[in-house]
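The model is shown below.

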2 protein chains.
Amino acid sequence: MSLGIIRVLTTSDDRVLQEHARILQTRFGLQSLTRCIPDQPNGIFDAASEAMAVPKIVQLGRELVDAGCGALFLSCAADPGLALLRAAVPVPVISAGSAAARVAEHLALPVAVLGIGTQAPAPYRSLLGQDVAYARPEGVTQTTDLLKPEGRARALACAERLLANGARVIAFSCTGFSTIGLAPYLRERLGCVVVDAVDASGMFAVEMLGGSAEEACA
Amino acid sequence: MSLGIIRVLTTSDDRVLQEHARILQTRFGLQSLTRCIPDQPNGIFDAASEAMAVPKIVQLGRELVDAGCGALFLSCAADPGLALLRAAVPVPVISAGSAAARVAEHLALPVAVLGIGTQAPAPYRSLLGQDVAYARPEGVTQTTDLLKPEGRARALACAERLLANGARVIAFSCTGFSTIGLAPYLRERLGCVVVDAVDASGMFAVEMLGGSAEEACA
(Lines give C-alpha, C1' and ligand atoms only; values in the text may rest on other atoms or scores of the structure.)
Protein backbone atom coordinates (compact mmCIF):
# COMPACT_ATOMS: atom_id res chain seq x y z
CA MET A 1 0.00 0.00 0.00
CA SER A 2 1.33 3.40 -0.87
CA LEU A 3 1.20 6.78 0.84
CA GLY A 4 -0.81 9.55 -0.81
CA ILE A 5 1.03 12.85 -0.54
CA ILE A 6 -0.97 16.08 -0.72
CA ARG A 7 1.04 19.14 -1.73
CA VAL A 8 -0.66 22.42 -0.98
CA LEU A 9 0.91 24.44 -3.72
CA THR A 10 0.15 24.11 -7.41
CA THR A 11 3.13 23.26 -9.55
CA SER A 12 3.76 21.67 -12.92
CA ASP A 13 7.45 21.27 -12.07
CA ASP A 14 7.76 17.56 -11.37
CA ARG A 15 10.98 18.06 -9.43
CA VAL A 16 9.28 20.42 -6.98
CA LEU A 17 6.17 18.24 -6.85
CA GLN A 18 8.08 15.04 -6.03
CA GLU A 19 10.45 16.60 -3.47
CA HIS A 20 8.84 15.09 -0.37
CA ALA A 21 8.17 11.76 -2.10
CA ARG A 22 11.90 11.55 -2.85
CA ILE A 23 12.87 12.27 0.76
CA LEU A 24 10.42 9.66 2.09
CA GLN A 25 11.57 7.08 -0.45
CA THR A 26 15.23 7.63 0.41
CA ARG A 27 14.78 7.75 4.17
CA PHE A 28 12.06 5.14 4.72
CA GLY A 29 11.66 3.24 1.46
CA LEU A 30 8.12 4.60 1.31
CA GLN A 31 6.30 4.19 -1.98
CA SER A 32 4.01 7.14 -2.58
CA LEU A 33 1.76 8.98 -4.98
CA THR A 34 1.95 12.78 -4.94
CA ARG A 35 -0.63 15.24 -6.20
CA CYS A 36 -1.03 18.96 -5.66
CA ILE A 37 -4.14 21.08 -5.21
CA PRO A 38 -5.16 23.08 -8.31
CA ASP A 39 -4.99 26.83 -8.94
CA GLN A 40 -2.84 27.89 -5.99
CA PRO A 41 0.64 28.52 -7.41
CA ASN A 42 1.54 30.52 -4.31
CA GLY A 43 0.27 27.84 -1.96
CA ILE A 44 -1.16 28.82 1.39
CA PHE A 45 0.13 32.08 2.83
CA ASP A 46 -2.79 33.65 4.70
CA ALA A 47 -6.26 32.89 6.05
CA ALA A 48 -7.99 33.50 2.70
CA SER A 49 -5.66 31.23 0.74
CA GLU A 50 -6.03 28.57 3.44
CA ALA A 51 -9.83 28.76 3.32
CA MET A 52 -9.68 28.40 -0.45
CA ALA A 53 -7.37 25.39 -0.20
CA VAL A 54 -9.27 23.33 2.37
CA PRO A 55 -12.05 21.92 0.13
CA LYS A 56 -9.43 21.14 -2.53
CA ILE A 57 -7.33 19.28 0.03
CA VAL A 58 -10.32 17.19 1.12
CA GLN A 59 -11.22 16.42 -2.50
CA LEU A 60 -7.63 15.47 -3.35
CA GLY A 61 -7.49 13.21 -0.30
CA ARG A 62 -10.58 11.36 -1.51
CA GLU A 63 -9.04 10.95 -4.96
CA LEU A 64 -5.78 9.57 -3.54
CA VAL A 65 -7.72 7.01 -1.48
CA ASP A 66 -9.71 6.05 -4.60
CA ALA A 67 -6.36 5.60 -6.34
CA GLY A 68 -5.45 2.99 -3.69
CA CYS A 69 -3.45 4.94 -1.10
CA GLY A 70 -3.59 3.30 2.32
CA ALA A 71 -2.63 6.43 4.24
CA LEU A 72 -2.33 10.13 3.45
CA PHE A 73 0.34 12.72 4.19
CA LEU A 74 -0.78 16.35 4.24
CA SER A 75 2.55 17.98 3.55
CA CYS A 76 2.12 21.33 5.25
CA ALA A 77 3.13 22.43 8.74
CA ALA A 78 -0.10 24.37 9.21
CA ASP A 79 -2.24 21.19 8.94
CA PRO A 80 -4.78 23.00 6.72
CA GLY A 81 -8.12 21.19 6.79
CA LEU A 82 -6.70 18.20 8.69
CA ALA A 83 -9.81 17.52 10.79
CA LEU A 84 -12.09 17.72 7.74
CA LEU A 85 -9.77 15.53 5.71
CA ARG A 86 -9.65 12.91 8.47
CA ALA A 87 -13.43 12.92 8.67
CA ALA A 88 -13.69 12.52 4.88
CA VAL A 89 -11.44 9.51 4.30
CA PRO A 90 -11.35 5.98 5.76
CA VAL A 91 -7.54 5.84 6.04
CA PRO A 92 -5.12 7.34 8.58
CA VAL A 93 -3.87 10.85 7.81
CA ILE A 94 -0.52 12.26 8.92
CA SER A 95 0.17 15.95 8.70
CA ALA A 96 3.54 17.65 8.86
CA GLY A 97 2.61 20.12 11.59
CA SER A 98 1.00 17.66 13.99
CA ALA A 99 3.73 15.07 13.43
CA ALA A 100 6.58 17.48 14.20
CA ALA A 101 4.79 19.15 17.11
CA ARG A 102 3.97 15.75 18.65
CA VAL A 103 7.60 14.63 18.52
CA ALA A 104 8.77 17.91 20.04
CA GLU A 105 6.13 17.69 22.75
CA HIS A 106 7.05 14.06 23.50
CA LEU A 107 10.61 15.10 24.38
CA ALA A 108 9.29 17.39 27.14
CA LEU A 109 12.23 19.82 27.01
CA PRO A 110 12.09 23.55 26.15
CA VAL A 111 11.15 23.80 22.46
CA ALA A 112 11.56 26.59 19.94
CA VAL A 113 9.82 26.52 16.58
CA LEU A 114 11.73 27.61 13.48
CA GLY A 115 9.55 28.63 10.54
CA ILE A 116 9.04 31.20 7.84
CA GLY A 117 5.67 32.70 8.79
CA THR A 118 4.87 35.44 11.29
CA GLN A 119 4.16 32.96 14.12
CA ALA A 120 4.24 29.26 14.93
CA PRO A 121 1.48 27.47 12.98
CA ALA A 122 -1.64 26.36 14.86
CA PRO A 123 -0.70 22.70 15.58
CA TYR A 124 2.54 23.83 17.26
CA ARG A 125 0.79 26.40 19.42
CA SER A 126 -1.91 23.87 20.24
CA LEU A 127 0.52 21.12 21.34
CA LEU A 128 3.45 23.20 22.65
CA GLY A 129 1.62 26.19 24.12
CA GLN A 130 0.27 29.37 22.57
CA ASP A 131 3.41 31.20 23.67
CA VAL A 132 5.91 28.65 22.35
CA ALA A 133 9.21 30.30 21.34
CA TYR A 134 9.24 31.04 17.61
CA ALA A 135 11.54 32.69 15.09
CA ARG A 136 12.15 32.86 11.37
CA PRO A 137 15.48 33.37 9.62
CA GLU A 138 16.24 36.97 8.69
CA GLY A 139 15.04 37.84 5.21
CA VAL A 140 13.11 34.61 4.76
CA THR A 141 9.38 34.99 4.22
CA GLN A 142 8.72 32.32 1.63
CA THR A 143 10.04 28.85 0.87
CA THR A 144 11.96 30.02 -2.17
CA ASP A 145 14.07 32.38 -0.01
CA LEU A 146 15.53 29.25 1.59
CA LEU A 147 16.96 28.14 -1.72
CA LYS A 148 19.17 31.24 -2.00
CA PRO A 149 22.85 30.74 -1.17
CA GLU A 150 22.48 32.51 2.20
CA GLY A 151 19.34 30.53 3.15
CA ARG A 152 20.99 27.89 5.32
CA ALA A 153 23.41 30.30 6.97
CA ARG A 154 20.54 32.54 8.02
CA ALA A 155 18.58 29.57 9.37
CA LEU A 156 21.70 28.51 11.30
CA ALA A 157 22.06 31.96 12.86
CA CYS A 158 18.39 31.90 13.81
CA ALA A 159 18.68 28.44 15.42
CA GLU A 160 21.74 29.62 17.37
CA ARG A 161 19.73 32.51 18.80
CA LEU A 162 16.88 30.19 19.78
CA LEU A 163 19.30 27.86 21.59
CA ALA A 164 21.02 30.80 23.29
CA ASN A 165 17.62 31.84 24.58
CA GLY A 166 17.11 28.49 26.27
CA ALA A 167 15.64 26.15 23.67
CA ARG A 168 16.79 22.55 23.91
CA VAL A 169 14.79 21.32 20.89
CA ILE A 170 14.35 23.07 17.52
CA ALA A 171 11.15 22.01 15.74
CA PHE A 172 10.76 22.98 12.08
CA SER A 173 7.45 24.44 11.00
CA CYS A 174 8.30 24.67 7.31
CA THR A 175 8.73 21.71 4.98
CA GLY A 176 11.14 23.83 2.91
CA PHE A 177 13.80 23.24 5.59
CA SER A 178 13.73 19.56 4.64
CA THR A 179 14.44 20.40 1.01
CA ILE A 180 17.63 22.27 1.92
CA GLY A 181 18.77 19.55 4.35
CA LEU A 182 18.75 21.95 7.27
CA ALA A 183 18.35 19.32 10.03
CA PRO A 184 21.70 17.55 9.48
CA TYR A 185 23.32 20.95 8.83
CA LEU A 186 22.20 22.22 12.27
CA ARG A 187 23.00 18.96 14.09
CA GLU A 188 26.50 18.96 12.67
CA ARG A 189 27.25 22.59 13.51
CA LEU A 190 25.30 23.03 16.76
CA GLY A 191 24.96 19.45 18.06
CA CYS A 192 21.37 20.24 18.87
CA VAL A 193 18.11 18.31 18.87
CA VAL A 194 16.18 19.00 15.67
CA VAL A 195 12.72 17.79 14.67
CA ASP A 196 12.29 17.89 10.89
CA ALA A 197 8.63 18.02 9.84
CA VAL A 198 8.86 15.86 6.71
CA ASP A 199 11.08 13.29 8.41
CA ALA A 200 8.79 13.14 11.45
CA SER A 201 5.84 12.60 9.13
CA GLY A 202 7.66 9.83 7.27
CA MET A 203 8.32 8.07 10.54
CA PHE A 204 4.60 8.12 11.39
CA ALA A 205 3.67 7.03 7.87
CA VAL A 206 6.03 4.07 7.73
CA GLU A 207 4.75 2.73 11.05
CA MET A 208 1.16 3.25 9.93
CA LEU A 209 1.64 1.43 6.69
CA GLY A 210 3.73 -1.15 8.52
CA GLY A 211 5.32 -4.01 6.63
CA SER A 212 3.08 -3.41 3.65
CA ALA A 213 4.94 -0.24 2.70
CA GLU A 214 8.29 -1.97 2.83
CA GLU A 215 7.07 -4.90 0.76
CA ALA A 216 5.58 -2.54 -1.81
CA CYS A 217 8.96 -1.01 -2.52
CA ALA A 218 10.68 -2.34 -5.59
CA MET B 1 -12.71 4.47 17.34
CA SER B 2 -10.65 3.09 20.16
CA LEU B 3 -7.16 1.67 20.41
CA GLY B 4 -6.75 -2.05 21.14
CA ILE B 5 -3.90 -2.62 23.59
CA ILE B 6 -2.20 -6.02 23.61
CA ARG B 7 -0.37 -6.85 26.84
CA VAL B 8 2.10 -9.69 26.52
CA LEU B 9 1.93 -10.90 30.08
CA THR B 10 -1.01 -12.69 31.63
CA THR B 11 -2.51 -10.96 34.62
CA SER B 12 -5.81 -10.96 36.45
CA ASP B 13 -4.79 -7.79 38.32
CA ASP B 14 -6.82 -5.10 36.62
CA ARG B 15 -4.50 -2.38 37.89
CA VAL B 16 -1.50 -3.99 36.19
CA LEU B 17 -3.52 -4.80 33.08
CA GLN B 18 -4.79 -1.23 32.62
CA GLU B 19 -1.47 0.51 33.36
CA HIS B 20 -0.70 1.53 29.77
CA ALA B 21 -4.33 2.36 29.02
CA ARG B 22 -4.27 4.78 31.95
CA ILE B 23 -1.08 6.47 30.74
CA LEU B 24 -2.45 6.87 27.20
CA GLN B 25 -5.78 8.18 28.48
CA THR B 26 -4.09 10.74 30.72
CA ARG B 27 -1.50 11.86 28.19
CA PHE B 28 -3.46 11.76 24.93
CA GLY B 29 -7.12 11.30 25.85
CA LEU B 30 -6.98 7.97 24.04
CA GLN B 31 -9.89 5.63 24.60
CA SER B 32 -8.70 2.03 24.56
CA LEU B 33 -9.55 -1.59 25.21
CA THR B 34 -6.81 -3.70 26.83
CA ARG B 35 -6.50 -7.48 26.81
CA CYS B 36 -3.61 -9.75 27.69
CA ILE B 37 -2.44 -13.01 26.13
CA PRO B 38 -3.40 -16.17 28.09
CA ASP B 39 -1.19 -18.54 30.10
CA GLN B 40 2.01 -16.47 30.23
CA PRO B 41 2.13 -15.00 33.75
CA ASN B 42 5.86 -14.32 33.31
CA GLY B 43 5.36 -12.67 29.96
CA ILE B 44 8.09 -12.88 27.34
CA PHE B 45 11.59 -13.35 28.67
CA ASP B 46 13.42 -15.58 26.16
CA ALA B 47 13.13 -17.01 22.63
CA ALA B 48 10.90 -19.90 23.68
CA SER B 49 8.42 -17.73 25.58
CA GLU B 50 8.37 -15.30 22.62
CA ALA B 51 7.67 -18.12 20.14
CA MET B 52 4.85 -19.32 22.37
CA ALA B 53 3.39 -15.80 22.61
CA VAL B 54 3.34 -14.86 18.92
CA PRO B 55 0.28 -16.86 17.79
CA LYS B 56 -1.60 -15.64 20.88
CA ILE B 57 -0.69 -12.04 20.04
CA VAL B 58 -1.97 -12.43 16.48
CA GLN B 59 -5.19 -14.06 17.72
CA LEU B 60 -5.72 -11.35 20.33
CA GLY B 61 -5.17 -8.66 17.69
CA ARG B 62 -7.90 -10.19 15.54
CA GLU B 63 -10.26 -10.26 18.52
CA LEU B 64 -9.60 -6.60 19.35
CA VAL B 65 -10.33 -5.61 15.74
CA ASP B 66 -13.54 -7.69 15.86
CA ALA B 67 -14.40 -5.77 19.02
CA GLY B 68 -14.20 -2.53 17.02
CA CYS B 69 -10.68 -1.25 17.63
CA GLY B 70 -9.46 1.01 14.82
CA ALA B 71 -5.77 0.58 15.60
CA LEU B 72 -3.71 -1.74 17.77
CA PHE B 73 -0.87 -1.13 20.21
CA LEU B 74 1.46 -4.06 20.87
CA SER B 75 2.78 -2.97 24.23
CA CYS B 76 6.21 -4.59 24.27
CA ALA B 77 9.59 -3.15 23.32
CA ALA B 78 10.62 -6.37 21.57
CA ASP B 79 7.80 -6.07 18.98
CA PRO B 80 7.01 -9.80 19.29
CA GLY B 81 5.15 -11.01 16.21
CA LEU B 82 4.68 -7.49 14.85
CA ALA B 83 5.04 -8.40 11.15
CA LEU B 84 2.62 -11.34 11.49
CA LEU B 85 0.16 -9.22 13.43
CA ARG B 86 0.27 -6.47 10.81
CA ALA B 87 -0.33 -9.04 8.08
CA ALA B 88 -3.28 -10.49 10.00
CA VAL B 89 -5.34 -7.36 10.71
CA PRO B 90 -6.75 -4.60 8.47
CA VAL B 91 -5.91 -1.76 10.88
CA PRO B 92 -2.63 0.04 11.64
CA VAL B 93 -0.49 -1.50 14.38
CA ILE B 94 1.91 0.43 16.60
CA SER B 95 4.46 -1.38 18.68
CA ALA B 96 6.43 0.03 21.60
CA GLY B 97 9.85 -1.00 20.31
CA SER B 98 9.48 0.31 16.78
CA ALA B 99 7.84 3.52 17.95
CA ALA B 100 10.59 4.40 20.42
CA ALA B 101 13.40 3.32 18.12
CA ARG B 102 11.95 5.38 15.26
CA VAL B 103 11.80 8.53 17.38
CA ALA B 104 15.36 8.00 18.60
CA GLU B 105 16.56 7.39 15.06
CA HIS B 106 14.72 10.48 13.79
CA LEU B 107 16.75 12.70 16.14
CA ALA B 108 20.01 11.52 14.48
CA LEU B 109 22.17 12.08 17.57
CA PRO B 110 24.14 9.42 19.51
CA VAL B 111 21.58 7.14 21.18
CA ALA B 112 21.87 4.74 24.09
CA VAL B 113 19.15 2.23 24.88
CA LEU B 114 18.14 1.66 28.50
CA GLY B 115 16.40 -1.63 29.17
CA ILE B 116 16.21 -4.61 31.49
CA GLY B 117 17.27 -7.49 29.19
CA THR B 118 20.73 -8.68 28.23
CA GLN B 119 20.82 -6.54 25.06
CA ALA B 120 18.82 -3.95 23.13
CA PRO B 121 15.68 -5.59 21.66
CA ALA B 122 15.61 -6.35 17.94
CA PRO B 123 13.76 -3.22 16.67
CA TYR B 124 16.33 -0.95 18.37
CA ARG B 125 19.26 -2.85 16.88
CA SER B 126 17.55 -2.90 13.52
CA LEU B 127 16.88 0.86 13.43
CA LEU B 128 19.81 2.20 15.49
CA GLY B 129 22.54 -0.26 14.55
CA GLN B 130 23.40 -3.73 15.83
CA ASP B 131 26.06 -2.18 18.08
CA VAL B 132 23.84 0.54 19.57
CA ALA B 133 24.94 1.46 23.11
CA TYR B 134 22.90 -0.44 25.68
CA ALA B 135 22.75 -0.85 29.45
CA ARG B 136 20.42 -2.02 32.17
CA PRO B 137 20.24 -0.70 35.72
CA GLU B 138 22.23 -2.69 38.26
CA GLY B 139 20.20 -5.44 39.87
CA VAL B 140 17.25 -5.04 37.51
CA THR B 141 16.40 -8.08 35.41
CA GLN B 142 12.61 -7.99 35.44
CA THR B 143 9.95 -5.29 35.42
CA THR B 144 9.03 -5.88 39.05
CA ASP B 145 12.58 -4.96 40.14
CA LEU B 146 11.81 -1.42 38.93
CA LEU B 147 9.03 -1.11 41.47
CA LYS B 148 11.43 -1.54 44.41
CA PRO B 149 12.41 1.67 46.27
CA GLU B 150 15.89 1.69 44.67
CA GLY B 151 14.55 1.05 41.14
CA ARG B 152 14.52 4.66 39.91
CA ALA B 153 17.82 5.56 41.58
CA ARG B 154 19.54 2.65 39.86
CA ALA B 155 18.04 3.59 36.50
CA LEU B 156 19.24 7.18 37.07
CA ALA B 157 22.79 5.99 37.77
CA CYS B 158 22.68 3.86 34.63
CA ALA B 159 21.45 6.76 32.47
CA GLU B 160 24.20 8.98 33.89
CA ARG B 161 26.82 6.45 32.80
CA LEU B 162 25.32 6.23 29.30
CA LEU B 163 25.42 10.03 28.96
CA ALA B 164 28.99 10.17 30.30
CA ASN B 165 29.92 7.68 27.58
CA GLY B 166 28.66 10.01 24.87
CA ALA B 167 24.94 9.34 24.49
CA ARG B 168 22.79 12.38 23.69
CA VAL B 169 19.49 10.50 23.63
CA ILE B 170 18.29 7.81 26.07
CA ALA B 171 15.70 5.49 24.50
CA PHE B 172 13.76 3.18 26.80
CA SER B 173 13.38 -0.45 25.76
CA CYS B 174 11.17 -1.46 28.66
CA THR B 175 7.59 -0.32 29.17
CA GLY B 176 8.10 -0.74 32.92
CA PHE B 177 10.06 2.54 32.92
CA SER B 178 6.83 4.30 31.97
CA THR B 179 5.04 2.82 34.97
CA ILE B 180 7.62 4.29 37.38
CA GLY B 181 7.62 7.68 35.62
CA LEU B 182 11.30 7.41 34.79
CA ALA B 183 11.30 9.79 31.81
CA PRO B 184 10.34 12.97 33.73
CA TYR B 185 12.59 11.82 36.61
CA LEU B 186 15.62 11.66 34.29
CA ARG B 187 14.77 14.88 32.44
CA GLU B 188 14.47 16.75 35.72
CA ARG B 189 17.74 15.44 37.19
CA LEU B 190 19.90 15.13 34.06
CA GLY B 191 18.23 17.54 31.62
CA CYS B 192 18.64 14.90 28.95
CA VAL B 193 16.65 13.80 25.92
CA VAL B 194 14.54 10.77 26.80
CA VAL B 195 12.33 8.69 24.51
CA ASP B 196 9.71 6.81 26.52
CA ALA B 197 8.35 3.76 24.68
CA VAL B 198 4.73 3.95 25.86
CA ASP B 199 4.55 7.70 25.33
CA ALA B 200 6.11 7.42 21.86
CA SER B 201 3.53 4.76 20.99
CA GLY B 202 0.69 6.93 22.24
CA MET B 203 1.86 9.75 20.02
CA PHE B 204 1.74 7.48 16.97
CA ALA B 205 -1.63 6.06 18.01
CA VAL B 206 -3.31 9.41 18.54
CA GLU B 207 -2.21 10.65 15.11
CA MET B 208 -3.32 7.37 13.51
CA LEU B 209 -6.74 7.50 15.07
CA GLY B 210 -6.87 11.23 14.38
CA GLY B 211 -9.84 13.26 15.46
CA SER B 212 -11.92 10.16 16.02
CA ALA B 213 -9.98 9.24 19.14
CA GLU B 214 -10.44 12.69 20.60
CA GLU B 215 -14.14 12.72 19.82
CA ALA B 216 -14.56 9.26 21.34
CA CYS B 217 -13.34 10.51 24.72
CA ALA B 218 -16.09 11.22 27.20
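In this predicted model, the number of disulfides over all chains is zero. The salt bridges over all chains number 16, and six of them are found across the interface of chain B and chain A. The area buried between these two chains is about 2,700 Å².

**Cysteines**

- A:Cys174 takes part in no disulfide, since the nearest cysteine sulfur, that of A:Cys76, lies 8.9 Å away and the cut-off for a disulfide is 2.5 Å.
- A:Cys174 is buried, because its relative accessibility of 6% falls under the limit of 20%.
- B:Cys158 is likewise in no disulfide; its nearest cysteine sulfur belongs to B:Cys192, at 12 Å.
- The relative accessible area of B:Cys158 is 0%, which means that this residue is buried.

**Interface of chain B and chain A**

- Contact between the chains involves 32 residues of chain B and 32 residues of chain A.
- Carbon and sulfur atoms give 55% of the area buried between the chains.
- On the side of chain B, the three residues B:Arg102, B:His106 and B:Glu207 supply 28% of the area buried against chain A, more than any other three residues.
- Between the chains, 14 residue pairs are in polar contact, with both residues at pLDDT 80 or more.
- Helix H2 (19-28), strand E4 (93-95), helix H5 (96-107), strand E8 (193-195) and helix H10 (197-216) of chain B each contribute at least two residues to the side that touches chain A.
- Of these elements, H10(B) provides the largest share, with 10 residues.
- By class, the side of chain B that touches chain A comprises 17 nonpolar, five polar and 10 charged residues.

**Salt bridges**

- A:Glu207 and B:Arg102 form a salt bridge through their side chains, with an N to O distance of 2.7 Å.
- A network of salt bridges links A:Arg27, A:Asp199 and B:Glu105.
- Within chain A, A:Arg189 is joined to A:Glu188 by a salt bridge whose closest N and O atoms are 3.6 Å apart.
- A:Arg189 is partly exposed because its relative accessibility is 43%, whereas A:Glu188, with 65%, is exposed.
- In chain B, B:Arg189 and B:Glu188 form a salt bridge with closest N and O atoms 3.6 Å apart.
- B:Arg189 is partly exposed at 43% relative accessible area, and B:Glu188 is exposed at 64%.

**Helix H10 of chain A**

- In H10(A), which spans residues 182-190, the residues A:Leu182, A:Ala183, A:Tyr185, A:Leu186 and A:Arg187 are buried.
- The buried residues of H10(A) pack against strand E5 (111-114), helix H8 (151-164), strand E7 (169-172), helix H9 (176-179) and strand E8 (193-195) of chain A, together with H5 of chain B.

**The loop at A:Ala78**

- A:Ala78 is located in the loop that runs between strand E3 (69-74) and helix H4 (82-88) of chain A.
- With a relative accessibility of 24%, A:Ala78 counts as partly exposed.
- Leaving aside residues up to four places away in sequence, A:Ala78 touches A:Pro121 and A:Pro123.
- A:Gly61 is 17 residues from A:Ala78 in sequence, and their C-alpha atoms are 16 Å apart in space.

Technical notes
Residues numbered from 1 in each chain as written. Chains lettered and ligands numbered in written order. Predicted model: local features only at pLDDT ≥ 70, side-chain atom pairs only at ≥ 80, totals over all residues. Heavy atoms only, no water. Buried < 20%, exposed > 50% of the residue type's maximum accessible area, 1.4 Å probe, protein only. Contact = heavy atoms within 4.5 Å. Buried area = accessible area lost by both parts, 1.4 Å probe. Salt bridge = Lys/Arg side-chain N within 4 Å of Asp/Glu carboxyl O. Polar contact = N/O pair within 3.5 Å; in protein donor to acceptor, adjacent residues only side chain to side chain. Helix = DSSP H or I, 4+ residues; strand = E, 2+ residues; numbered from the N terminus. Nonpolar A, V, L, I, M, F, W, Y, C, P; charged D, E, K, R; others polar.
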